[in-house]
Amino acid sequence: MFAYVLRRFAGAVPTLFIIVTIAFFMIRLAPGGPFDLERPLDPLIMENLNRAYNLDKPLLYQYGHYLWNLAQGDLGPSFTRRDFSVVDLFRTGLPVSVLLGGMAISLALIVGTFLGALAALKQNTAVDYAVVGTATFGITIPPFVIAPILSLLFGVWLGWLPAGGWSSGSLRHMILPVATLALPQIAIVARLTRGATIEALRSDHVRTARAYGLPTRIVVGVHALRAAILPVVSYLGPTAAALLTGSVVVETIFGIPGIGRYFVQGALGRDYTLVMGTVVVIAVFVVVFNLIVDILYALLDPRVRYD
Amino acid sequence: MGENKTDTILSIRGLNVSFATHDGEVRAVKNVDFDVRPGETVAIVGESGSGKSQSMMALMGLLASNGRATGSARYRDQELIGMSERRLNKVRGEKITMIFQEPMTSLDPLYKIGRQISEPLIHHGGLLSAAQARPRVLELLRLVGIPDPERRIDSYPHELSGGQRQRVMIAMALANNPDILIADEPTTALDVTVQAQILALLAELQSRLGMAIVFITHDLGIVRRFADRVYVMRSGEVVEEGATEALFSTPKHAYTKMLLEAEPTGRKAPPPANAPILLEGRNVEVTFTIGGGFLAGEPLMLRAVNRISIALKKGQTIGIVGESGSGKSTLGRALLRLLPSDGAIRFGGRDISTAGREEMRPLRREMQLVFQDPFGSLSPRMTIGQVITEGLLVHEPSLSGKDRDRRAIEALREVGLDPAMRNRYAHEFSGGQRQRIAIARAIILKPKVVVLDEPTSALDRSVQKQIVDLLRDLQQAHDLSYLFISHDLAVVRAMSDYIIVMKQGQIVEEGPTAEIFDDPREEYTQTLMAAAIDVTKFRAAAPS
């Protein structure tokens, strides 16, 4: 298993290299640059700025320079936020996004699997229909609708919770953004769990467990649910990577200082290093979470072995 | 206590099973009576859909959620039909146990077999923990003949062969010394030699432990060697019952007679000695590569077909016999150039070993293939007429739609189907009819060689016989050459004039059919024959 993990990490290096390369040249294809403001700058200042940020050098030199710094863990200075390096920005923003996303994904996992399993066990009853109906609703309503509604309802009208802001991560400020992030995921996880549980309950080995007079809690808890959790695990891998790296919508609407905003802001402002930094962070998260999923899979299902 | 109480431990009276479906209620079991006495072996025989499994599922409380059972099934003093799940759990797994047809999927793939065997011990045998159950589990594994039980107890199901998994199921079934063991087609999914071992094991365990066995099967050969009494079921009803010997020697019901005569009969005469060789393979070798690649190390090379030479004459049928994994299907596909292979392949005197796709295309119509699975091999979205004429579009593109339709009618008539059915879809046909359609699809192209890959394995015996007759008639009418791939020796014997026995990619023995069957030289062939057609009983003595 250890050799497998090492091999996977070695395999991730070329993947990341290709992603970085494509992203580097694609952002440069976009017209304009970081210092093109509405009122053009003085050509001399422009020249100085370009020289300071190496933008006057050939593109290939800049690319090599970026790769060299990246290998040393340096994501470069931000072009639009003077005095901040990209690493500085992530150092403060990433923990916020990871905390928010982590809570959302945990909530989705716990509530989603519970509801899904419940619906499967009560298949074709009112409970089942209620779960499936709510889940379908949860998937169809996008977060940019949910977020303002929650904010309006609980923040403004009822006044139970703050309508926005972060306040250094107090629990009260986290409830609404976490709920917004988690709701669609709860819906998806519930649907996945329900389908997988129904299939598992019909499988031959569950029939065996029943034929041997095992109590329902063993038949369901031991023999059906473990099989049913497998598709949920494979879904949660990429989803976790996406949630932990921040959500533009949620961070913007609730005014949360995460890194989700940087991708859009960086792209619009042609902040080359900030965009590249976001790409690298997301890519690393995706690679790492896919690996975690594969390892979890091997732990849950003995038929999967990587050695 | 009346005599009945001591005489029977399971008494089923007026049992009905029905399923609520979209097309209304389907009655799977209609008002049947069964009796099981202590220590005896009762066989319930019938073809697919006869209700033989569902009648037992009903008393075990294992019907699908849309199923409903009425009537009575008394185990000793307890009525099982309508019993609460909680009380039923005290009976099933302890007093009545069950093993199933699918050894591959009946065990939970996620848990070690030791744990799975210990579950019924823990839940019925008192306060045992997994550690306390371990010695008993080892004892059970030893009892069912699992080699090296100390190591195997920590195996996962996928690490065991099909036969071993069925042994594990039997160990689970015996864990609490049950009164009745229900065996639902326990050997159908296994190779013949393994099948014989499992049946011998069951017979031996029964004589040692004295439980009654209810044996559900479609295989009359097994019934004859194994059962004391037989119930014959058809369309949900018991049509005949009686002691095995009496039933086999003087069957009363027409359906029983038909089942007994369903064994494929007749023999095929070899082609004339001067018949030209049509398809020839010399030192054919097929190697599969498993795994390997970037950072994954050396790939595993699997030689599925190992230097096999074969010559199929015009009008000949060569039967290729072997157990699963012997490479028989791979050989058939390699000879048709559907798989890359080494060695020389000649068709009609022409070397085709290196022919490319374009070169092969005109030859393809003369080399056809019929598959085992009549359900998976027909497109569900095309009418039968479209399915069987599809090959004509490629090989005879000049034909008009009307001509194609005429050919479809001819082909369907030839395989004994009503041509009016050509506008229907595959799902509207039975397994036997679908196999006829697959055959029609092959012969419409007027081929010279047809590779038949287990064409009868998925079919009931009575249908098998019809397909065998059909294939032999078509061979005569069109002077076809067949490569007949099968693990079913009775069918191979009726179809082939020459037989090749394969094991692990190699030829073990080959020769004319009569020679192989009557005087097999190799030990492996002898085991195979003994397992398949030996009529001696498995049990030493029938209980009185």
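## Two chains and their contact

The contact between the chains draws on 22 residues of chain A and 32 residues of chain B, where contact means heavy atoms within 4.5 Å. Arg207(A), Arg210(A) and Tyr212(A) provide 28% of the area that chain A buries against chain B, more than any other three residues. Together, chain A and chain B bury about 2600 Å², with 59% of it on carbon and sulfur atoms; buried area is the accessible area (1.4 Å probe) that two parts lose on being put together, summed over both.

Please keep in mind that this is a predicted model, in which local features need pLDDT of at least 70 and side-chain atom pairs count only at pLDDT 80 or more, while totals for chains, interfaces and linings use all residues. Residues are numbered from 1 along each chain as its sequence is written, chains are lettered from A and ligands numbered from 1 in the order in which they are written, and side-chain values use heavy atoms, with hydrogens and water left out.

Here are the two chains, one per row. Buried means under 20% relative accessible area, exposed over 50%, and partly exposed in between (1.4 Å probe, protein chains only). Accessible areas come from the Shrake-Rupley method with a 1.4 Å probe, and for residues only the protein chains shown count as cover.

| Chain | Buried residues | Accessible surface | Carbon and sulfur part of the surface |
|---|---|---|---|
| Chain A | 45% of 307 residues | about 15400 Å² | 70% |
| Chain B | 53% of 544 residues | about 24100 Å² | 49% |

Chain A has twelve helices and zero strands, whereas chain B has 20 helices and 20 strands. Helices (H or I, at least four residues) and strands (E, at least two) are DSSP runs, numbered from the N terminus. Along the principal axes, the C-alpha atoms of chain A fill a box of roughly 85 × 55 × 30 Å, and the C-alpha trace of chain B spans about 80 × 55 × 50 Å.

Now for some local detail in chain B. Helix H14 (residues 384-395) has buried residues Ile384(B), Gly385(B), Val387(B), Ile388(B), Thr389(B) and Leu392(B). Their cover includes helix H15 (401-414) and helix H16 (431-443).

Most residues other than glycine have a negative phi. Arg307(B), in strand E12 (residues 300-313), has a positive phi near 50° and is exposed, with a relative accessible area of 53%. Asp479(B) also has a positive phi, about 55°. Asp479(B) sits in the loop between helix H17 (461-478) and strand E18 (481-486) and is partly exposed at 40% relative accessible area.

Pro178(B) lies in the loop between helix H7 (162-174) and strand E7 (180-184). Pro178(B) counts as buried because its relative accessibility is 7%. Leaving out residues up to four places away in sequence, Pro178(B) touches Glu94(B), Lys95(B), Thr97(B), Ala173(B) and Met211(B).
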